[in-house]
Amino acid sequence: MWSLWSLLLFEALLPVVVVSVQVLSKVGDSELLVAECPPGFQVREAIWRSLWPSEELLATFFRGSLETLYHSRFLGRVQLYDNLSLELGPLKPGDSGNFSVLMVDTGGQTWTQTLYLKVYDAVPKPEVQVFTAAAEETQPLNTCQVFLSCWAPNISDITYSWRREGTVDFNGEVRSHFSNGQVLSVSLGLGDKDVAFTCIASNPVSWDMTTVTPWESCHHEAASGKASYKDVLLVVVPITLFLILAGLFGAWHHGLCSGKKKDACTDGVLPETENALV
């Protein structure tokens, strides 16, 4: 009968048939890594291992006994079934990696299957912000140009898509910005008050969505008298120019006092200084 370590040595020294499989899952779930072998392959021994990011022994089928109590990062989260499939869970963010199962049949033939497990975070409910663009002179009356920005916090490997809701007729213009579709620009008219847009945030294993009615932001800003980008510029630009001119005048005056007219500039100060000392 083979020993556990002789199986590992046998795998290292002799060529074996290898089959690779990719498995996708998400944090908090349990995932079944299925052991598959050719028809007629009568398994006598089997070894499950983690290959990357660290090599660890996870479970064995040896002399008719299933064993999973091996020291690894999956200790307490491993279950080996009679069909030699391995269940891992609940999964954590750092559980992604390569796994392998080495199987030996009653005739001494070997079969190795490698699996890559990718663990994704569950997609949270995305946040959608509506930004109203300043009205241009060429823009038709009673229209509103908005930008919809969608963002799922604290997550990577995510894509965004947009969907217009309902059966309301929509005559506006829609354009997507950025390669991942995170920003949507929409031109709305009076007939588009009830048009809603849904942002769908997704990764390969999960998704979530948020729906907004952008015309509400147009109406809210117009009714509340909120400043548009153009109104803000009309205030900010003059103030900025005033501060720049004031700074230039101060620098010129300082240079004037420190140059040829230094005495003239200090004439009015000295008498006050002398009076203070007295």
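A disulfide is taken here as a pair of cysteine sulfur atoms within 2.5 Å, and in this predicted model Cys150 and Cys199 form such a link, with an S to S distance of 1.8 Å. The torsion about the S-S bond of Cys150 and Cys199 is about -90°, so this disulfide is left-handed. Because Cys150 belongs to strand S11 and Cys199 to strand S15 (residues 196-203), the pair ties together parts of the chain that lie 49 residues apart in sequence. Both Cys150 and Cys199 are buried.

The structure holds two disulfides, and the other joins Cys144 to Cys218, again with S to S 1.8 Å. The link of Cys144 and Cys218 is likewise left-handed, with -80° about the S-S bond. Distant parts of the chain are connected by this pair, since Cys144 is found in strand S11 (residues 144-151) and Cys218 in helix H2 (residues 215-224), 74 residues apart. Cys144 and Cys218 are both buried. When the bonded cysteines of the protein chain are numbered in sequence order, the pairing reads 1-4, 2-3. As for Cys37, a relative accessible area of 32% places this residue in the partly exposed class.

Turning to the strands, an open sheet is formed by three of them in the order S2-S7-S6, with antiparallel pairing. Strand S2 (31-33) and strand S6 (78-80) are the edge strands, each of which pairs on one side only. On average, neighbouring strands of this sheet are turned by 20° against each other, direction ignored. Strand S6 is joined to strand S7 (residues 86-88) by three bridges, and the two run antiparallel; Gln79 has Glu87 of S7 as its bridge partner.

Definitions and conventions:
Residues are numbered from 1 along each chain as its sequence is written. This is a predicted model: local features need pLDDT of at least 70, side-chain atom pairs count only at pLDDT 80 or more; totals for chains, interfaces and linings use all residues. Side-chain values use heavy atoms; hydrogens and water are left out. Two strands pair if DSSP finds at least two bridges between them. Helices (H or I, at least four residues) and strands (E, at least two) are DSSP runs, numbered from the N terminus. Axes are lines fitted to C-alpha atoms, for helices over the stretch in contact, and angles run from 0 to 180 degrees between N-to-C directions. Buried means under 20% relative accessible area, exposed over 50%, partly exposed in between (1.4 Å probe, protein chains only).
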